[in-house]
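Hi everyone, thanks for making time.

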Amino acid sequence: MDLDLDPISRIEGHLGVHVKVDNGEYVDAKVGVSMYRGFENLLKGKDLHLAPNIAGKICGVCGATHVLVSTEAIEMASGIYPSPEAIKYRNLAYSLADLMYNNITVAFLFQAIDYSTEIVSKYTPNVYERAKNTSCEFKDVHGYPKISSILDNLYFGKEIYRSAFRLQTAFRDLATAIWLRYPQPLSLKPGSITIRDPSIVEKVKKFMKEDKEIEKLFYIMADLREFFTEYKKIEDDYVTYGLLESDDYDADYESMDMWGAKREFPPALIINGELVEDRLSKILLGVRVYVDNTPYDDWNKEYEKDELGNEIDKRHPWNKETRLKDKIIINNFVPTVKQYYKGKEYMPTTGDIARLYAYRLKKGKIRALGYEWEPRGNTVMERTFARVFTVAYLKEYLQQIEVNNSDLNPRKGKKGYKFAVGAHDAPRGANAHWLVSEGNKILRYQIITPSDRNFSPNRGPVERSIIGQKVTEIEISGLDALRIIRSFDPCSACAVHLEHKNNSIIKLIV
């Protein structure tokens, strides 16, 4: 049986997948995004200071992460960086909106519907019968005695759905008091941030201290984690650029490994569950992009080394150019992104689960709201649970944050760099903006998003997760493939911005 699941709902952007099922198992999967990224070419020739404003329009959901990453690239290029107080405000707003708001929205408003009674009882009635006979381990925290009573309240408009909706709205409102506009912040600028409400820190801490919904939703997901175990594992290969800057951030490329390592969630490349690289600069230099069998033309190698003498590969984003072929035949606009390490190339997963693995390997066991996270493999429910665990962790992180807003003035670094990069995790994982500048002008700009990595064709993490998965439904509808796809928190709108039809570009989306 061949299934075309296109377009997929309850995600950001236009994404489809073609799957093949044989003898009760998914035997093939091909992901496709039929829209084109145009922002990289829009930014060529622009003044440096315009980049964050333009890049922030990439997405209507995660635009703030692109503004932040672009801002850090400009800080490296121009040799300025923010004060410790400005960094804390950035971390505060980023935690609230770009992680907590996003993760609750995705986990409960997008994903959880696939596990609701309305879906489970229809497509997998035997699973619902099992749910009716399974007690919840954490019923004293969230109040639902059976797994079935959780499933009964996950669908649109039901009790858990409404609770998550109220919570994500509160996160967004608090973040907007700092960003001033969301998802394209107005307050963020290279070297600084504008704060109009000096009491916002205390408001956030008060909310986190008094709120009970985060804990309830967290332990609801912990019970679902114990119940839904039928999805296959893929390799424990992960990549993360790290998350939330420390006071030591100075935007300097030469000291990147130092300030990158001090992020709250540290950068890491993990292969087969083992940490093989934790230097942010080396992870970034190992990025490779391939455009074979895509609508893109290849490019020449223009740059041999960065300003510190490190070799720049032809397939690295600093050498990459975004060029469409004259005639578009293949309509998947996502390139294949790989990670080079010691003579081999990998296609690791990125996202919340990657950050938890990195934290545990670098900093030790990680706890949130009395629950200790232990790795159980790279599966649908583990990726989903990691998303909600991050929210619980940040609830406690924000209760402890202290900010003195007396000094938000920019700092002057040692130098600016012709080759600059802003690399910081989005909620969906490793996000980087690479630029080459001359004077105040952008010569080249490239964006590699987390969904570029997870949804890479040629057996990226999503395709590998689908292939080999047993069908759990009585009648095949594609539910298992959809659950897998949504577990990666896809944001394909970050990848492409021109729709096309009949091999020609027909509509610009801005």
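I'll go through a helix pair, then a cavity, then one lysine. Keep in mind that this is a predicted model.

Okay, the helices. Two packed helices are described by the angle between their axes and the distance between the axes. Here, helix 3, residues 63–78, packs on helix 4, residues 84–111, at an angle of about 150°, and their axes are 10 Å apart. Anything over 145 degrees counts as roughly antiparallel, so that's what helix 3 is relative to helix 4. Who makes the contact? On the helix 3 side you've got Ala64, Thr65, Leu68, Thr71 and Glu75, and helix 4 brings Arg90, Tyr94 and Asp98. By class, that's three nonpolar, two polar and three charged residues.

Helix 14 (352–363) and helix 15 (380–400) each supply at least two of the lining residues. Sort the lining by class and you get three nonpolar, four polar and five charged.

Last stop: Lys441, which sits in strand 19, residues 441–448. How exposed is Lys441? Its relative accessible area is 41%, so Lys441 is partly exposed. Setting aside neighbours within four places in sequence, Lys441 touches Gly45, Lys46, Asp47 and Val436. And Arg411, 30 residues away along the chain, has its C-alpha 22 Å from that of Lys441.

That's my tour, thanks!

Methods: Residues numbered from 1 in each chain as written. Predicted model: local features only at pLDDT ≥ 70, side-chain atom pairs only at ≥ 80, totals over all residues. Heavy atoms only, no water. Axes fitted to C-alpha atoms, helices over the stretch in contact; angles between N-to-C directions. Helix = DSSP H or I, 4+ residues; strand = E, 2+ residues; numbered from the N terminus. Parallel < 35°, antiparallel > 145°, perpendicular 65-115°, else oblique. Contact = heavy atoms within 4.5 Å. Nonpolar A, V, L, I, M, F, W, Y, C, P; charged D, E, K, R; others polar. Buried < 20%, exposed > 50% of the residue type's maximum accessible area, 1.4 Å probe, protein only.
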